[in-house]
Number of protein chains: 2
Amino acid sequence: MAIMGAASGRQRERIVSATGRLFRDKGYHGTSMADIGKAVGLEKGSLYAHIAAKHDVLRELVERGAAYFMDALAPVAAAREPSHVKLRLAMRAHLGVVAAHPDLAAVFLQEWRRLEGEDRERIGKLRDEYEAIWRGLVDEGICDGTLRPDVDRRFAALLFLSAGNWAYQWFDPYGALSSHDVADRFTDHILTGLTPRTSVDR
Amino acid sequence: MAIMGAASGRQRERIVSATGRLFRDKGYHGTSMADIGKAVGLEKGSLYAHIAAKHDVLRELVERGAAYFMDALAPVAAAREPSHVKLRLAMRAHLGVVAAHPDLAAVFLQEWRRLEGEDRERIGKLRDEYEAIWRGLVDEGICDGTLRPDVDRRFAALLFLSAGNWAYQWFDPYGALSSHDVADRFTDHILTGLTPRTSVDR
């Protein structure tokens, strides 16, 4: 029975994973239970034995995505490093999740809006918490002097998050640049700016 | 007859506009012809007299979005200004479209993936052209010396585009900051960077 349980767990995992890919490619509403069944080679009846409803899988995928992003960022936020270093590590962590879990990242960043009621509220709060950690890193940088005192914490954090979040639309895991390279290029540009460092009038 | 034609045109416009809002809120696949009919107070039969199919409206909305972004950027790209000024104006132009046409912007930036075949290919090309104009602005900046020579044109352009594109997810047209304010804050941070201008080791 224990073995059957494990096999069933693997089967369910296979279904959830295939569903993530479908939600990413076709959207939550564009994916039917029949599509999921076809992707994993199961009749609808067998499918319902593993997943009760499509929105349960959406909630599960969005929560997994949230957990990946949060688990990657938390140790960086707690690290004892100057905060410009922590911002670099945070960007690597964020893009590392986008690269390693592209389906989850896309579902978390885009399809979470298809959640409703309490589910949507809970995930909205998680997203706020995640963004608050980024603003905290910027605050640290302003305090420890590695960032300029006139930096706008909200927009500085948004700049990192926008670059990191939009990457799910274009980042190619098989491309020439690793997520680490991409993170460092964004971080270099964001920290140093685009204008010459000697410029006074920008 | 001419008056009937104009009235019919207004009715169609009302339908297309309501559909944009629905596509933004519920996604293309999450929006049914019945939803559209309900939003504009028309029976399905009358609705089909104005729009033949849902995907026709998606194509039209995505093309309108593309045209707005392109029409806003083109005069900036052609302006005779130092390119750090042009980048600022370009950011204002882009966020101006996000603010003035939030439904079109969201459909263009997100739901375009639901297009298929030739439609998707054509829009993909338009998106590439739009991004190429941004890379051109960065190139100009490197040439005219308003940007550092070691700036990575692709990532610098991506930084502007990521900040501008992600804004459709959070920008509030009724918020305290206008799209112009938001554009300038992003541009200031991107051009000047977050670290002190006297720093040498970033």
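What percentage of the 202 residues of chain A count as buried? In this predicted model, in which local features need pLDDT of at least 70, side-chain atom pairs count only at pLDDT 80 or more, and totals for chains, interfaces and linings use all residues, the share is 39% of the residues of chain A, where a residue is called buried if 20 or more other C-beta atoms, placed from the backbone, lie within 10 Å of its own, exposed if 12 or fewer do, and partly exposed in between. Residues are numbered from 1 along each chain as its sequence is written, while chains are lettered from A and ligands numbered from 1 in the order in which they are written.

The secondary structure of chain A consists of 9 helices and 0 strands, helices (H or I, at least four residues) and strands (E, at least two) being DSSP runs numbered from the N terminus. The C-alpha trace of chain A spans about 70 × 35 × 30 Å along its principal axes. Of the contacts in chain A between residues at least 6 apart in sequence, 69% join residues at least 24 apart, a contact being counted if the C-beta atoms of two residues, placed from the backbone, lie within 7 Å.

Chain A is divided into domain 1 (1-52) and domain 2 (55-192), with bounds that come from an automatic or database domain assignment. The centres of these two domains of chain A, taken over C-alpha atoms, are separated by 28 Å, and the contact between them takes 11 residues from domain 1 and 11 residues from domain 2. On the side of domain 1 of chain A that touches domain 2, the residues divide into 5 nonpolar, 4 polar and 2 charged; here Ala, Val, Leu, Ile, Met, Phe, Trp, Tyr, Cys and Pro count as nonpolar, Asp, Glu, Lys and Arg as charged, and the others, Gly among them, as polar.

Between the chains, 31 residues of chain A are in contact with 31 residues of chain B. Helix 8 (153-166) and helix 9 (179-192) of chain A each supply at least two residues of the side that touches chain B, and helix 8 gives the most, with 7 residues. This side of chain A comprises 12 nonpolar, 12 polar and 7 charged residues. Arg154(A), which is found in helix 8 of chain A, is partly exposed because 14 other C-beta atoms lie within 10 Å.

Chain A can be laid on chain B with an RMSD of 0.0 Å by a turn of 180° and a shift of 0.0 Å along the axis, and the two copies are thus related as by a two-fold rotation axis, the superposition being by least squares on the C-alpha atoms of residues with pLDDT of at least 70 in both. The same surface serves both copies, in that 100% of the contact residues of chain A recur in chain B. Of the residues of chain A, Gly193(A) comes closest to the rotation axis, at 1.7 Å (C-alpha).

Leaving aside its neighbours within four places in sequence, Phe108(B) is in contact with Val62(B), Gly65(B), Ala66(B) and Phe69(B). Tyr168(B), in the loop between helix 8 (153-166) and helix 9 (179-192) of chain B, is buried, with 22 other C-beta atoms within 10 Å.
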